[in-house]
Amino acid sequence: YFITPTDGQTVENPVTVRFGLAGMGVAPAGVDREHTGHHHLLIDTDVASLDLGKPLPASDKVKHFGGGQTETVLELPPGEHTLQLLLGNHIHVPHVPPVLSEKITITVK
């Protein structure tokens, strides 16, 4: 889930994004522990467009936090953007079923 920003919020650059997780633990990529994973931030991307059976790609639209980070700072162009968190396992493959946050929409001034 997102701690900040919140759905519908208008923000300015740089945008600080803080991640939360309930019911599972955060572990860095490469650490194979049951009920853990690391965050991937989907920016303006629909999870349905991803192959959830394979490691998630690293791109401007899919940010990896393989160090176990729980926050980041983004520079986004002005306008409306969607953000969603997807937890990946030790090799960046989403869990079955996927551990997803709600998709939120923010507006950057």
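This is a predicted model: local features need pLDDT of at least 70, side-chain atom pairs count only at pLDDT 80 or more; totals for chains, interfaces and linings use all residues.
## Overall build

The protein chain has zero helices and nine strands. Read along the sequence, the pattern is β-β-β-β-β-β-β-β-β.

How does the radius of gyration agree with that of a compact globule, and what is it? A compact globule of 109 residues would have a radius of gyration near 13 Å, and the protein chain has 13 Å, so the two agree. The C-alpha trace spans about 40 × 25 × 20 Å along its principal axes.

## Inside and outside

Of the 109 residues, 38% count as buried. The protein chain exposes about 5900 Å². Carbon and sulfur atoms supply 52% of that area.

Charge can be summed up briefly. There are 7 positive and 12 negative side chains. The centres of the two sets lie 3 Å apart.

Take the contacts with a separation of 6 or more: residues 24 or more positions apart account for 66% of them.

## Strand β3 and its partners

Strand β3 covers residues 15-19. Which strands does β3 pair with? Strand β1, residues 2-4, is joined to β3 by two bridges, and the two run antiparallel. Strand β7, residues 71-74, is joined to β3 by four bridges, again antiparallel.

Threonine 4 stands opposite arginine 18. Glutamate 71 in β7 also stands opposite arginine 18.

In a regular strand the side chains alternate between the two faces of the sheet. Now look at β3 itself. Val15, Val17 and Phe19 make up its covered face. Thr16 and Arg18 make up its uncovered face.

## Two cis peptide bonds

Where are the cis peptide bonds described here? One joins asparagine 13 and proline 14, with omega about -5 degrees. Proline 14 lies in the loop between β2 (10-11) and β3.

Another runs from valine 96 to proline 97, with omega near -5 degrees. Proline 97 is found in the loop between β8 (79-88) and β9 (104-108).

## Two positive phi angles

Histidine 35 is not a glycine, yet its phi is positive, about 60 degrees. This histidine sits in the loop between β4 (25-26) and β5 (36-43). Is histidine 35 buried or exposed? Its relative accessible area is 53%, and the cut-off for exposed is over 50%. Histidine 35 is therefore exposed.

Aspartate 44 is another residue other than glycine with a positive phi, near 50 degrees. Its place is in the loop between β5 and β6 (62-64). Aspartate 44 has a relative accessible area of 32%, so it counts as partly exposed.

Proline 98 is found in the loop between β8 and β9. That loop also holds proline 97. At 38% relative accessibility, proline 98 counts as partly exposed.

Proline 98 and valine 47 are 51 residues apart in sequence. In space they are 9.8 Å apart, C-alpha to C-alpha.

Notes. Residues are numbered from 1 along each chain as its sequence is written. Side-chain values use heavy atoms; hydrogens and water are left out. Buried means under 20% relative accessible area, exposed over 50%, partly exposed in between (1.4 Å probe, protein chains only). The radius of gyration is taken over C-alpha atoms; the globule rule is 2.2 Å times the number of residues to the power 0.38. Contact means heavy atoms within 4.5 Å. Accessible areas come from the Shrake-Rupley method with a 1.4 Å probe; for residues, only the protein chains shown count as cover. Lys and Arg count as positive and Asp and Glu as negative; His and the chain ends are not counted. The place of a charge is taken as NZ of Lys, CZ of Arg, CG of Asp or CD of Glu. Two strands pair if DSSP finds at least two bridges between them.
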